[in-house]
Amino acid sequence: MTVAVTASAVLTGGLFAGQAHAATPPAPSITAPGGFVMNNGTGAALYGKAADTRRSTGSTTKIMTAKVVLAQRGLNLDAKVTIDKAYSDYIVAKGASSARLIVGDKVTVRQLLYGLMLPSGCDAAYALADKFGTGTTRAARVKSFIGKMNDEARKLGMTNTRFDSFDGISNGTNYSTPRDLTKLASSAMKDATFRTVVKTKSTTQRVTTKNGGYRNMAWTNTNKLLSTYSGAIGLKTGSGPQAKYCLVFAATRGNKTVVGAVLGAPNETNRAADVKKLLDYGFAKK
C-alpha cells in the first residue's frame, strides 16, 4: 500500500509539474534591441527587453498624431480640410512617405486619419497638425500641435517620450520606448474611430477636387500583420535610418487582447518574426 501511494504521489507530482511547465512558456528571443508586451485588459507586463530605453520611433509617432486629433473637443470627423501646397512640398523635401494628397482637394478629417495611418502619409500628418494646432501662422500651428502631443504623453505617464515632429521625421529629439508606446497604443485603442482605422487593410475614399468634382484615393495599410497574424487588430509601422524597423501591435483572441511594441529591428523580416514571437508569448503566458 505504501509503495502504491508513493508511486501515485510521484505520478501526480509529475503531472502537475508538467502542467505548471506548460503554463509558463519560455521567454522569446527577439532580434530587435527593444520590445515590450502587455495584457491590455489587466495592464500586466508580460515581456520586456530594454523596455525603457529611449529610441527613435519613426512613423509610430503618428499614433499620437491621431490620438491628439481624436481628443479635440467637438471634433467633426466630416469637416473638410483643403490640401495646401506646403504639404506636398514637405513630402518632396523630406523624401517622406505619402498619402499622395492632391493640392486643392478637400479631404475630410476622417479621410486624413486613414491617409495618416494606412499609407503612413506625412502629408496627411502635416494637414492634421496645421488644422488642429493653434496660431496665426502655419509654423505656429504646427508647433502648437506638437506641444499637444507632448502634453498628452505626460498625461499618459510616458516619462521617456518626447516628440519634436508630427510624423516621426525627427529634428533630433523625437524618441520613445517600447513600454511608453504600448501605453499610448492601449489608450488610443479606446477610441472607436481609431480602432476602425488601424484595423483596416485597405480603403478607397472619395474626396472633393478643387473644381467641385470627385476623385477616389486608394490606400493600403503598411501593417502586414493584419493579413499574416490571426486576431491582429492594429496598429502602426515605423521605419527610418535611425529608427530601423518598428511596429506597435495589437491582437485579440477570445477575450484576451495583447498589445506591445518592437523598436529597432534590423529589417522587415526580423520585425515580423519578432512581433509574432511576442504575440504568441503574450497569448500563451497566463
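Q: So how do the axes of helix 3 and helix 5 cross, and within what distance do they come?
A: Keep in mind that this is a predicted model. In it, the axes of helix 3 (residues 85–94) and helix 5 come within 9 Å and cross at roughly 140°.

Q: Is the crossing left-handed or right-handed?
A: Helix 3 goes past helix 5 in a right-handed crossing.

Q: Which residues meet there?
A: From helix 3 you've got Ala 86, Tyr 87, Tyr 90 and Ile 91, and they meet Cys 122, Asp 123, Tyr 126, Ala 127 and Asp 130 of helix 5. Sorted by class, the contact has 7 nonpolar residues, 2 charged ones and no polar ones.

Q: New topic: how many residues does the largest nonpolar core have?
A: It has 63 residues, and those with the most contacts inside it are Leu 112, Met 117, Phe 194 and Leu 235. Helix 5 turns up again here: residues 122–132 give the most to this core, with 8 residues.

Q: What does Phe 194 touch?
A: Leaving out residues up to four places away in sequence, Phe 194 touches Ile 63, Ala 66, Leu 70, Met 117, Ala 188, Met 189 and Leu 235. Another core, of 20 residues, lies apart from the largest one and includes Leu 46 and Phe 249.

Q: Last one: where is Lys 276 found?
A: Lys 276 is in helix 10 (residues 268–284). Its relative accessibility is 45%, so Lys 276 counts as partly exposed.

Terms used: Residues are numbered from 1 along each chain as its sequence is written. This is a predicted model: local features need pLDDT of at least 70, side-chain atom pairs count only at pLDDT 80 or more; totals for chains, interfaces and linings use all residues. Side-chain values use heavy atoms; hydrogens and water are left out. A nonpolar core is a set of buried Ala, Val, Leu, Ile, Met, Phe, Trp, Tyr and Cys residues joined through side-chain atoms within 4.5 Å. Buried means under 20% relative accessible area, exposed over 50%, partly exposed in between (1.4 Å probe, protein chains only). Helices (H or I, at least four residues) and strands (E, at least two) are DSSP runs, numbered from the N terminus. Contact means heavy atoms within 4.5 Å. Axes are lines fitted to C-alpha atoms, for helices over the stretch in contact, and angles run from 0 to 180 degrees between N-to-C directions. A crossing is left-handed if the near helix is turned anticlockwise from the far one by less than a right angle, and right-handed if clockwise. Ala, Val, Leu, Ile, Met, Phe, Trp, Tyr, Cys and Pro count as nonpolar, Asp, Glu, Lys and Arg as charged, and the others, Gly among them, as polar.
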